[in-house]
Protein chains: 2
Amino acid sequence: MNTEARSYHHGDLRAALLQAAQAELAEKGVEALTLRGIARRAGVSHAAPANHFSSLAALLSELAAIAFERLATAIRSECADETPGTTAHLIACAQGYVAFARANPALFRLMFRHERLDPMHARAVNAARDAFALPVTAVAALTGDTDPMDSPAPQAAVIALWSLTHGFAELLIQGQFDHLTGDDRDAWVHATIHRLIARSFPEAEERKPDA
Amino acid sequence: MNTEARSYHHGDLRAALLQAAQAELAEKGVEALTLRGIARRAGVSHAAPANHFSSLAALLSELAAIAFERLATAIRSECADETPGTTAHLIACAQGYVAFARANPALFRLMFRHERLDPMHARAVNAARDAFALPVTAVAALTGDTDPMDSPAPQAAVIALWSLTHGFAELLIQGQFDHLTGDDRDAWVHATIHRLIARSFPEAEERKPDA
């Protein structure tokens with residue numbers, strides 16, 4: 001299709017391009033994405049994306065921002081009923097993170113492909129900060145530290161929580177645990193996250209100081 | 001170049017194709033890889049790869065097998081001086097895993113892209129099993145269990161070790177910790193792996209039973 005679909009209003013075209021980009025991403029992966037291919041999928045001229053996005057990186061960063069906003073929502077909704085400072089709160093954060101990755105594997109991968117994104121994209125930067133605020137605060141509440149990035153031990157706790165949760169999510173969506181999950185995959189995932197986080201982040205009174 | 005470089009001996013062409021594939025992979029990512037592009041890079045006709053690899057998946061699986069063999073070597077060389085059953089042994093396994101990922105980021109990503117690989121590729125299957133044998137045995141030795149996949153708690157320990165190490169490696173090669181590492185990145189990585197593993201896998205006498 002080489003003629004622009006003029007029926008798009010300005011904002012609608014923008015949304016249509018983002019939707020087409022998401023579909024292309026899920027189908028072909030980030031390396032195969034081009035503005036031209038996205039325009040083709042949206043049924044508009046190859047010049048149309050330039051009206052809304054200065055580059056492919058700008059469009060991908062907007063997608064990453066949307067993804068981080070959804071991640072933040074997923075984490076908050078899981079954590080809503082939990083008490084800060086408890087292991088259950090951290091487990092809920094991890095459940096939200098993994099649930100987002102399972103529901104949006106292509107977006108999940110895009111969010112962490114820094115070399116394809118614009119590092120100064122304001123909406124993406126803010127959305128990422130917002131998504132990680134709750135887990136970082138949850139670690140601080142459990143370790144009893146006010147600023148978890150401040151002293152060596154809590155920083156290790158934040159890196160441990162993120163690495164553990166991210167690694168599990170990544171290996172899970174790759175299918176590495178498919179042979180372990182049994183018939184009820186959702187239940188297995190839920191129970192496994194619970195055990196992984198509880199074994200690495202026991203309640204404060206059970207914890208030993210970091211080595 | 002459309003004419004096959006006839007100076008290649010059979011085995012040399014095969015090796016040249018694998019080398020070209022690795023270069024293409026590092027430069028463009030797995031989604032952009034084609035047998036035709038690999039042939040072009042190796043300077044041979046686009047029909048040449050068919051003499052050695054039945055499909056792109058077969059060629060990628062051979063690369064993944066080579067990668068798993070290197071991973072096994074990296075893990076074994078780190079672990080050589082450590083005593084099985086100690087936290088230090090697990091730390092060494094993790095150091096080897098992360099060192100491999102840092103030195104071979106494109107291969108590291110390929111190894112875990114199951115949908116692009118042939119699941120029955122014998123050399124890749126054997127190499128993967130070999131690479132994970134030492135860490136799985138090390139977890140078993142530390143937890144005191146003979147078969148770490150047998151009872152629920154050790155299985156969680158294996159998943160925890162793999163998720164933690166894999167997630168840290170993945171986030172590290174993405175550059176997520178670049179702002180934390182300081183001038184001596186190697187030292188930061190080494191020390192952080194040490195603390196992450198030690199906090200999640202304390203020595204047996206210090207451990208509490210899994211929840």
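Predicted model: local features only at pLDDT ≥ 70, side-chain atom pairs only at ≥ 80, totals over all residues.
Colour the two domains of chain A separately.

Next, look at where they meet. Twelve residues of domain 1 of chain A are in contact with eleven residues of domain 2 of chain A. Select residues 10-28 of chain A: this is helix α1, which gives the most to the domain 1 side, with six residues. By class, that side of domain 1 has ten nonpolar residues, two polar and no charged.

Now select residues 87-103 and 122-143 of chain A, which are helices α4 and α6. Their axes are 9 Å apart, and the helices pack at an angle of about 160°. Angles over 145 degrees count as roughly antiparallel, so α4(A) is roughly antiparallel to α6(A). Their crossing is left-handed.

Show the side chains at this contact. From α4(A), pick Thr87(A), His89(A), Leu90(A) and Cys93(A). From α6(A), pick Leu134(A), Pro135(A), Ala138(A), Val139(A) and Leu142(A). This contact has seven nonpolar residues, two polar and no charged.

Finally, bring chain B into view. The contact between the chains takes 29 residues from chain B and 29 residues from chain A. On the chain B side, select α7 (152-173) and α8 (185-200), the elements that give two or more residues. Of the elements on this side, α7(B) gives the most, with eleven residues. Colour the chain B side by class to see twelve nonpolar, nine polar and eight charged residues.

Technical notes: Residues numbered from 1 in each chain as written. Chains lettered and ligands numbered in written order. Contact = placed C-beta atoms within 7 Å. Helix = DSSP H or I, 4+ residues; strand = E, 2+ residues; numbered from the N terminus. Nonpolar A, V, L, I, M, F, W, Y, C, P; charged D, E, K, R; others polar. Axes fitted to C-alpha atoms, helices over the stretch in contact; angles between N-to-C directions. Parallel < 35°, antiparallel > 145°, perpendicular 65-115°, else oblique. Left-handed = near helix turned anticlockwise from the far one by under 90°.
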